[in-house]
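Have the sequence and the structure open as you read.

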Amino acid sequence: MAIPLALARRRNYSGPAIFSYGFRPFFLGAAVWAALGIALWLPQFFGEIALPIAMGPLDWHVHEMLFGYLAAVITGFLLTAVPNWTGRLPLQGFPLMILVAVWAAGRAAVTFSAFTGELAAAVVDASFLFLVAAAVGREIVAGRNWRNLKVLLPLIVLGSGNIIFHIEAHSPGHAGYGIRLAIAAVVILITLIGGRVIPSFTRNWLVRENPGKLPVSFARFDAIAIACGIAALALWIVVPAGQPTGVALAAAGVLHMVRLARWAGERTWRDRLVLVLHVGYAFVPLGFILTGLAAFDLLLPSAGLHAWMGGAAGMTTLAVMTRASLGHTGRALAASVATQAIYAAVFVAAMARVTAALVPDWTSPLLHVAACAWIAAFGGFAAVYGPMLLRPRLNQELGIA
């Protein structure tokens, strides 16, 4: 009886459409902030503007991409997925407004932390992810969906990384433990959730549209690849440089490359909504390998970090945001020309940013290319998908029960 009851109560919701489901405000907010954050970051980097931020400009950039934009996307995804897992009513209305307000307050407090004060900014900002973990955990426990409690661990790790980040950002000679902890949490989430949805969406499309080779089902190899990735990331958090770390990261990269090859992504070319998930996941092993090479001091660490964050996280979040927005607003699951342009833009942004770290002589022009492409991708999402997210589900607009 839980699922029909939840559906009935969802239909009875009469508030603003934007607060009817978690993906709506958080996907839109994440996209706007991702674009605006980079638009503000580049002139800061080149000394053209100065914002009233208590931390350094580079720390602000890293923080707002990790704990601003990415935290919002993760929240939107979880608040949308949990009702499907539990059959319970999605978080909506006033409770959802509170979460959105705390997230937005965190962005303002950190960006204007020279006025608000470092401690106040840290408290407001760091509280958000733990509120999300409490809300998600409550729904999972109430729905007795015990197997999905594991998604709370990366969320709590990400929140802990935020606390450590704030401490380190205002401490001389910090080593970046908070940054590495948060990045590791994001990569682990992508390997866990991506390993569930990418083969599933691929299999569904192939069975329907292109019969033949199908993705290999989750098996012991996947568990080994995930475990090795977690172990390598744990070592990297503590000791980011050195031969053991480099070997562990490179080995994890190879395992995840093989894992991706088992999902038959090469057969999904005709469905860009599925293909983009495979392309995004390809940046996971690339990030492991580049970060492994950086551990041997063969290249700059930012190459691997931006493969993970700009490539894996950037492409995966846009893939999830577009697909979920289409499906949950009652539209066909098809990538329009505009959607494909968004995917192309974020791919260009990721490749340009990684290359900027690999070819120092081209850093300045490539940073501008990466920034413009990133702004186009996330600003494009806000422009194309924003109206869908602000309006009721399509069948509700048409008066269909």
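The mean pLDDT of the protein is 92, and 95% of its residues get to 70 or more.

Where pLDDT is low, the predicted coordinates should not be read in detail.

## Helix α8 and its bend

Helix α8 runs over residues 177-209, so at 1.5 Å a residue its 33 residues should span 48 Å. The C-alpha atoms at the ends of α8 are 46 Å apart, which agrees. There is a bend in α8, though: about 40°, at G194.

## α8 against α11

The partner here is helix α11 (residues 272-295), which packs with α8 at an angle of about 145°, the two axes being 10 Å apart. Their crossing is left-handed.

Which residues of α8 meet α11? On the α8 side they are V187, I190, T191, I198, F201, T202 and W205. Across from them, α11 brings V274, L277, H278, Y281, V284 and F288. An α-helix has 3.6 residues a turn, so residues three or four places apart point the same way.

## α14 and its two partners

Take helix α2 (residues 23-45) and helix α14 (residues 363-390): they pack at about 155°, with 9 Å between their axes. That angle makes α2 roughly antiparallel to α14. The α2 and α14 crossing is left-handed.

Next comes helix α13 (residues 337-358), whose axis comes within 8 Å of that of α14 and crosses it at roughly 155°. So α13 is roughly antiparallel to α14, and α13 passes α14 in a left-handed crossing.

Note on methods. Residues numbered from 1 in each chain as written. Predicted model: local features only at pLDDT ≥ 70, side-chain atom pairs only at ≥ 80, totals over all residues. Heavy atoms only, no water. Helix = DSSP H or I, 4+ residues; strand = E, 2+ residues; numbered from the N terminus. Expected span 1.5 Å × (residues − 1). Bend = angle between axes of the 7 residues up to and from the residue. pLDDT = per-residue confidence, 0-100. Axes fitted to C-alpha atoms, helices over the stretch in contact; angles between N-to-C directions. Parallel < 35°, antiparallel > 145°, perpendicular 65-115°, else oblique. Left-handed = near helix turned anticlockwise from the far one by under 90°. Contact = heavy atoms within 4.5 Å.
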